[in-house]
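Me: I've got a new model open and I'd like to learn how to read its features one at a time. Could you walk me through it?

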Amino acid sequence: GSVQKEECSDDCVTAFLHECVDTLLPEHNATTACATCVNAIGTSSWWGANSTVGGSSCFSNCTADLDSTECLKRIGIGNVSSCVSDGAADVHQFAVAGVERCFSRFQPSRSAAALEAMPVVVVIEGQHAVQCARSDRGWMQWAQEAEVVLICLAAAPGGWMFGNGGVVHDNNANPCDLWDSLDVQYMEHVFAVVNGDPTVHNPDKVFVVGHGEGGDFAQYVTFCSAQHGGAWGDRAVAGLATLASGLKLKADGVSNNRSFADCDKCQYFPAKPVEVVPPLTACLYHSKDDVVAPIQLANQLRSALKAAGSSATLHTFDSLGHEITVAKIPTLPWDIATCLGITAPDQAVGDEPNLAGPMYAAAQRQQQLLFAAAVCLVGLVL
């Protein structure tokens with residue numbers, strides 16, 4: 001007869017899920033990736049033989065009883081659990097209108113010569129997870145090398161909440177008061193930490209980076225901060241970087257990250273670019289084949305930023321789709337830091353560059369390998 005297997009250890013399961021989901025995320029959303037990986041634990045011996053986590057015997061004598069929701073918690077996706085780091089970052093937890101919210105903050109160790117307050121980079125991802133607050137990810141590795149404080153935000157279930165329900169027009173440009181959105185109250189907690197210790201955080205060097213819908217919210221944060229006061233403190237954000245995000249204009253004929261259609265009162269989404277003092281530095285990253293947020297949105301954002309007096313550069317890729325991420329481009333944090341002026345450039349960043357050189361080629365190779373691994377895994381599971 002068969003031997004009854006014991007339940008797998010939590011460490012084994014969690015390590016496996018991180019590795020498995022990381023492989024699938026470039027081509028699948030988090031929920032689909034988790035469902036596939038949970039199924040793989042119980043049905044496939046491939047991971048037991050090939051996973052680099054836990055050795056070849058990690059799943060050889062055990063079974064795991066969990067569902068996709070538990071998987072999302074284990075890998076740090078969704079609400080409060082999305083802010084649980086691997087110990088390298090501090091987790092700030094609080095309630096907003098009865099909903100538990102959080103963000104993670106990583107403060108690097110400083111060299112003896114670095115006595116000045118450090119720049120702060122706020123990373124805003126889309127609806128599914130805060131992956132930047134892990135020591136094995138590029139953002140945290142970069143922050144340690146560059147001696148920059150890293151803050152990773154986490155959306156509430158359902159995604160980021162924009163002022164006035166996302167309806168922005170000239171008569172109500174950038175509704176940013178506490179009553180306009182629960183996420184303004186959320187940002188009040190974030191800026192209270194940023195502005196709370198000027199010996200560590202340089203309030204004049206706060207930079208916001210966002211991908212997809214997180215890039216939309218990064219725009220909202222940037223232009224709300226330009227109005228000063230209230231939740232936003234007394235300084236404007238110094239720099240903005242958007243990844244696969246842009247500006248939707250009324251009757252422009254394109255959808256955006258939330259597939260918002262035109263409405264009678266909507267003129268802009270997610271915010272109306274306004275003058276920022278001191279002038280804002282903006283770096284926009286977009287792939288020409290993005291069908292989720294077409295590159296027209298990035299072009300519109302660049303034009304509006306320049307019209308408002310900001311410096312704006314658009315960096316384009318040929319075939320990365322919507323996945324302009326550290327997983328696809330490991331050097332991305334360093335490239336963004338150079339463009340925003342956080343760190344000194346190794347080489348000049350040209351105006352309107354098409355990133356089709358060695359960095360892009362490496363990213364394309366990595367994308368192909370990840371996709372092949374995902375196809376292999378899905379085939380084995382099915």
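Me: Which residues do ring pairs link into a cluster?

Reply: Before that, a word on the source: this is a predicted model, where local features need pLDDT of at least 70, side-chain atom pairs count only at pLDDT 80 or more, and totals for chains, interfaces and linings use all residues. Residues are numbered from 1 along each chain as its sequence is written, and side-chain values use heavy atoms, with hydrogens and water left out. Now the rings. A pair of aromatic rings is described by the distance of the centres and the angle of the planes. Rings of Phe, Tyr and Trp (its six-membered ring) pair if their centres lie within 6.5 Å; planes under 30 degrees apart are stacked, over 60 edge-to-face, and the rest tilted. That rule gives nine aromatic pairs, and ring pairs gather Phe94, Phe103, Trp160, Phe162, Tyr186, Phe217, Tyr220 and Phe269 into a cluster.

Me: What lies over the face of Tyr186?

Reply: For a charge over a ring, look for NZ of Lys or CZ of Arg within 6 Å of the ring centre and within 35 degrees of the ring normal. Here Arg101 sits over Tyr186, 4.1 Å from the ring centre.

Me: How many disulfides are there, and which cysteines does each join?

Reply: A disulfide is a covalent bond between the sulfur atoms of two cysteines. The test is a pair of cysteine sulfur atoms within 2.5 Å, and the count comes to two. One joins Cys176 to Cys224, S to S 2.0 Å. That pair links distant parts of the chain, 48 residues apart: Cys176 is in the loop between strand 6 and helix 6 (182–194), while Cys224 is in helix 7 (residues 213–225). Helices (H or I, at least four residues) and strands (E, at least two) are DSSP runs, numbered from the N terminus. The other disulfide joins Cys283 to Cys339, S to S 2.1 Å. Cys283 lies in strand 11 (residues 281–287) and Cys339 in helix 9, so this bond ties together parts 56 residues apart in sequence.

Me: Why is the disulfide of Cys283 and Cys339 called left-handed?

Reply: Check the torsion about the S-S bond: for Cys283 and Cys339 the torsion is about -100 degrees, so the disulfide is left-handed. With Cys176 and Cys224 the torsion is about -80 degrees, so that disulfide is left-handed too.

Me: Are Cys283 and Cys339 buried or exposed?

Reply: Buried means under 20% relative accessible area, exposed over 50%, and partly exposed in between (1.4 Å probe, protein chains only). Both Cys283 and Cys339 are buried, and Cys176 and Cys224 are buried as well. Across the protein, buried residues make up 51% of the 382 residues.

Me: What does the side chain of Ser181 reach?

Reply: A polar contact is a pair of N or O atoms within 3.5 Å; within protein, one must be able to donate a hydrogen and the other to accept it, and residues adjacent in sequence count only if both atoms are side-chain atoms. The Ser181 side chain reaches the backbone oxygen of Met161 at 2.7 Å. A polar atom of that side chain also lies 3.0 Å from the backbone nitrogen of Asp183. Ser181 is in the loop between strand 6 and helix 6, and is buried, with a relative accessible area of 6%.

Me: Which residues are buried in helix 5?

Reply: In helix 5 (residues 138–146), they are Gly138, Trp139, Met140, Trp142 and Ala143. Their cover, with contact meaning heavy atoms within 4.5 Å, includes strand 4 (99–106) and helix 9 (332–340).
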